[in-house]
Amino acid sequence: MNRFDYIRPASIPEAVAAAAEQGSAYLAAGTNLLDLMKGGAARPQRLVDITRLPGLDRIEWQPDGGVRVGAMVRNADLAYDERFAGTFPAVAEALLSGASAQLRNAATVGGNLMQRTRCAYFHDLASACNRRAPGSGCDALGGESRLHAVLGWSEHCIATHPSDFCVPLTALDAVVEVEGPHGRREIAVDALHMLPGATPEQETSLLPGELIVALRLPAEAAAFSRNARYLKLRERTSYAFAVVSAAAALKIEGGAIRAARIALGGVAAKPWRARDAEVSLVSLPASPEAFIHAANLALAEARPSGDNAFKIELARRIVVRALTLALEGTPETMPALPASPLSMNPGVNHVA
Amino acid sequence: MLHETVLRQHARHGSNAGQPLTRRDGVLKVTGRATYAADNHPEGMLYAVTAVSRIARGRVTALDVDAARAHPGVVEVITPANRPPLAHDPDEKMPPFGFRVEVLQDDSVRYVNQPIALVVAETLEAATEGAALLNPQYEAESARTGPHNGEHFAPPAIGVGAPPRTAHGDVEAGLAAAARVTEAEYVTPPQYHNAMEPHAVVAQWDGDRLTLDMPNQALALSCASYAAYFGIPVENVVIRSPFLGGGFGSKAILNGPHILAIVAARMLNRPVKLALTRTQMYGPVGHRGRTWQKLRIGTDSDGRLTALHHHALCATSSFDEFIEPAANASLPLYASPAILSEHEALRLDIGTPGPMRAPGEASGSAALEVAMDEAAEACGMDPLAFRQANYAETEPGTGRPFSSKALRECYTEGAKRFGWSRRPLAPRTMRDENGLLVGWGMGTAVFHCPHFPAQARATLRADGSALVETAGADMGQGAWTALAQIAAEALGLEPDQVELRSGISTLPDGGIAGGSGHTASAGLALHNAGDDAIARLAEIAVADPASPLFGAGNIGVVARNGRLHRRDDEGRSESYSDILARADRSEVIGTAKAARDPAVAEAHAMFSHGAVFAEVKVDPDLGQVRVSRLVGAFAAGRIINPRLVRSQYFGGMIWGLSFALQEEAITDRRTGRIMNADLAEYHVPVNADVPSLDAILVPEDDLYVNPLGVKGVGEIGITGTVGAIANAVWHATGVRVRRFPIRIEDLLVN
């Protein structure tokens with residue numbers, strides 16, 4: 001029996017103290033963790049339920065125009081917050097392209113940041129998986145690896161990070177606020193998730209007991225609001241993880257690109273920020289050639305980890321498309337099918 | 001028989017059949033008050049959970065039974081070491097539709113998710129934990145997962161007993177004489193049953209009497225099979241199948257977990273419930289087997305077929321045979337002087353495949369309709385014109401007349417509604433206002449019309465209402481609504497005056513709810529039972545001097561609106577309740593056994609037909625596909641309830657979309673494990689995938705298929721649709737994808 005303690009702390013310090021013990025896991029909405037526990041891929045010895053902690057469910061605007069989002073804010077609530085969606089449209093679009101309406105109503109900001117890979121070999125207890133059982137091997141290598149990583153993978157792990165939300169967050173220099181046994185600190189989302197290297201079990205840079213209490217998007221990220229998109233390719237129109245996805249945001253002044261942000265999803269064990277590609281666009285007039293060049297740079301180090309060479313070309317193309325759409329401008333209203341390349345006309349709010 | 005049929009129709013005046021009534025059980029279902037089999041919790045019930053294999057082939061060498069037994073709440077652990085004997089050898093097939101089953105007969109493992117033990121406990125949680133504690137150890141052998149390592153063999157039979165090879169004419173000569181030959185291989189994936197309601201059973205023994213609450217598509221057949229397994233008389237088995245949350249063929253056939261639950265109930269002398277988890281559905285309850293199909297089509301200079309050769313390699317298990325009769329999809333559809341359908345089989349370490357909505361036809365049609373599209377392309381012909389040029393006026397090969405065939409009208413009506421005539425011949429020539437590639441494709445739909453023997457009883461009651469009974473199954477599609485309409489029509493009553501009892505094996509045998517034949521089979525029995533009840537009522541009336549119908553015996557009476565009328569004088573009539581009251585009868589009972597007349601069946605080819613037209617939009621750079629329109633036109637004889645029939649067509653077409661673009665069990669090539677055995681990763685369409693759907697009900701009168709003129713509508717919608725979508729994808733992109741489902745990477749060209 002997977003016996004575990006269930007603790008419902010009354011305050012953040014209590015939560016941190018409870019979770020500092022080995023084998024603890026924080027429980028938010030549980031849309032990912034409870035499934036993993038039922039399947040046996042996660043077997044925490046102690047669940048620290050943070051759903052009733054006060055003060056984690058607020059969206060707070062900062063004087064400088066940045067925003068601080070509590071870790072327990074629900075995905076749907078954030079996506080449908082008008083000011084948030086208007087200021088960080090690519091983030092809202094990513095949120096609405098993820099999971100299903102029911103899951104978005106339950107899932108939380110902090111939980112989404114902490115979700116685990118969908119690699120089937122991670123979930124299948126009969127398979128070797130270094131991420132689940134360090135040192136056991138990686139059965140995804142040489143297996144059914146069509147959707148696995150093409151960037152930043154190692155022979156120890158070829159899993160991808162499944163989040164849509166984290167992709168534009170990474171692009172926009174979002175930061176998480178963390179409370180831990182040694183106090184409060186901040187971690188850039190880009191530094192939160194780790195590439196596998198030789199220690200794929202180390203999925204994030206959080207230390208034992210550390211709790212994400214809030215997510216911050218800086219004021220500078222708001223400067224991209226007029227030219228920001230998230231685009232996601234998937235194998236059905238809703239309720240499917242990305243084959244590949246991309247967030248692209250541009251700051252255009254006088255016809256030239258002043259700043260660019262590009263991140264890819266579904267290609268690596270973390271949301272993949274393409275800084276070289278971003279830099280390549282600065283000061284150039286926006287053009288197809290520039291976008292193609294940027295896309296090539298973004299995927300320059302990509303190599304297939306299995307039957308997935310197509311993802312490299314697909315990722316290049318989606319970078320080009322996301323940049324093109326960003327250049328065209330953020331839609332006035334959320335596309336009827338958020339993040340879908342097939343939903344080009346702004347439509348009614350997404351209901352699917 | 002035929003003449004009798006025609007005459008009988010004169011006595012049928014009900015207006016109920018043909019009405020678009022809503023489901024009788026609709027409110028119960030949408031309010032959550034419909035009681036499904038697994039909702040039953042008899043006093044003292046135990047929960048059973050199967051422990052399942054995680055290897056595909058080998059032996060279980062150890063199970064920690066002690067640990068499982070020691071877990072609080074666990075009552076019994078059943079393994080090959082203590083499983084009580086069965087009266088029927090599970091390694092022997094049980095005809096007609098029985099398969100070998102895995103019921104702990106030995107320690108061998110034949111596929112992933114095979115039951116290797118059963119844990120029975122006071123709670124579901126304890127049983128689940130007990131199963132987890134078994135910690136099986138294996139001696140694994142290498143899994144056979146594909147044509148490269150599976151054993152190829154020539155199957156003695158395909159489907160449920162059809163010959164593996166059917167030849168008409170000389171295909172090689174036809175190909176040699178052809179102006180053009182198109183040849184290609186098409187691959188279809190394994191698809192697994194994912195009915196909303198997983199397989200479940202609540203088993204109770206009372207001495208040697210067995211009661212089973214379970215969703216079931218074939219009550220009488222299942223009773224006989226369970227009786228044989230447990231060595232009891234068939235009349236000792238009662239199956240109650242109140243509703244099915246989807247059946248699709250998999251709930252027509254016995255499976256190992258169910259039998260084990262019954263074993264446990266007998267062993268422990270307590271009721272036992274077993275419900276499979278979603279993941280456990282991927283193994284012991286049948287699936288649509290993989291196929292590799294090669295088609296060669298010869299055409300002459302006018303675009304007429306000179307030969308059609310369809311070869312299917314079909315996966316089956318290592319220990320039993322269900323061979324998708326895929327190549328037979330090429331037999332009934334297109335006129336060709338030479339047609340050859342042949343099947344080869346491949347043994348893999350998988351659960352035995354089985355029927356899944358349109359078995360054979362779905363996979364076969366997917367390949368055939370793409371191949372026909374390729375042949376049309378080679379001939380430079382419009383795909384619809386090409387099919388019309390090869391229209392079969394009589395059954396190809398045999399020359400038998402079709403009992404009815406309004407396929408031409410389906411082509412015309414569907415094409416008109418879709419706007420097909422505006423289709424450019426060349427691919428990759430249409431774009432929408434956003435620059436997306438647009439493609440139009442079509443396919444022909446066809447499904448055979450089986451008819452199962454069935455029985456029914458109709459009771460006219462003193463209050464003028466009726467009770468009709470037949471042991472049938474409503475899989476959610478509204479069968480019991482349609483059946484009540486048929487009965488009401490025969491009885492001259494409104495449907496709300498007719499109480500239908502069904503779903504219990506103690507009622508007259510309603511046949512099998514499969515093969516799209518249930519409405520016709522059970523419906524005919526109900527109709528005839530209603531006729532019989534009316535005839536008995538008329539006998540009372542015409543012999544009663546006090547009745548206005550006295551002496552009308554030779555002239556005959558007509559039943560309508562709860563009254564019998566003299567045939568020659570409609571003004572002389574009497575209500576059913578008055579007739580019964582004066583005769584001092586509380587009821588009059590009619591019964592019927594109905595079957596298809598074998599002579600009529602022999603003389604005719606019987607099929608439902610249709611034409612499906614698809615529009616897809618494809619992102620030219622990113623390969624993302626979305627079906628934007630589907631129009632199907634179907635002719636399936638007489639339509640009892642157009643609302644429910646349209647819904648059946650929609651369901652079939654949506655499954656066709658699923659087949660074309662989404663569904664596939666991803667099987668690890670090394671271990672044989674299915675890596676996406678859940679509804680998050682095994683994709684079926686969501687609402688946002690389902691496009692504008694249009695199903696046209698093309699009128700068709702059939703005097704031969706059965707006296708009701710009813711064909712079947714349950715499965716035909718898949719056929720045609722898969723090919724139509726694949727052909728539309730080609731028309732949009734110029735890329736011919738021959739492996740299903742079509743994936744994004746298939747379309748990353750240029």
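At what angle do helix α15 and helix α16 of chain B pack, and how far apart are their axes? I looked this up in a predicted model, in which local features need pLDDT of at least 70, side-chain atom pairs count only at pLDDT 80 or more, and totals for chains, interfaces and linings use all residues. Residues are numbered from 1 along each chain as its sequence is written, while chains are lettered from A and ligands numbered from 1 in the order in which they are written.

**Entry 1: helices around α16(B)**

I found that α15 (residues 642-661) and α16 (residues 721-733) of chain B pack at an angle of about 50°, with their axes 8 Å apart. Helices here are DSSP runs of H or I with at least four residues, strands are runs of E with at least two, and both are numbered from the N terminus. The axes are lines fitted to C-alpha atoms, for helices over the stretch in contact, and angles run from 0 to 180 degrees between N-to-C directions. The pair is therefore oblique, given that angles under 35 degrees count as roughly parallel, over 145 as roughly antiparallel, 65 to 115 as roughly perpendicular and the rest as oblique.

On the α15(B) side the contact includes B:Gly652, B:Met653 and B:Leu657, and on the α16(B) side B:Thr721, B:Val722, B:Ile725 and B:Ala726; two residues are in contact if their C-beta atoms, placed from the backbone, lie within 7 Å. By class I read eight nonpolar, three polar and no charged residues, where Ala, Val, Leu, Ile, Met, Phe, Trp, Tyr, Cys and Pro count as nonpolar, Asp, Glu, Lys and Arg as charged, and the others, Gly among them, as polar.

I then turned to α8 (residues 361-379) of chain B, which packs with α16(B) at about 35°, with the axes 8 Å apart, and this crossing is right-handed. Among the residues that meet are B:Glu369 and B:Asp373 in α8(B) and B:Asn727 and B:Trp730 in α16(B); the classes of this contact are seven nonpolar, three polar and two charged. In the segment after α16 of chain B I came to B:Pro741, and the peptide bond to it from B:Phe740 is cis, with omega near -5°.

**Entry 2: domains of chain B**

Chain B is divided into domain 1 (2-34 + 452-595) and domain 2 (360-450 + 602-747), with bounds from an automatic or database domain assignment.

**Entry 3: chain A**

I recorded domain 1 (5-52) and domain 2 (224-328) for chain A, with 35 Å between their C-alpha centres. The contact between the chains takes 26 residues from chain A and 27 from chain B; helix α14 (residues 309-328) provides the largest share of the chain A side, six residues. In the loop between β9 (228-233) and β10 (244-253) of chain A I found A:Tyr239, which has a positive phi of about 55° although it is not a glycine.

Notes. A crossing is left-handed if the near helix is turned anticlockwise from the far one by less than a right angle, and right-handed if clockwise.
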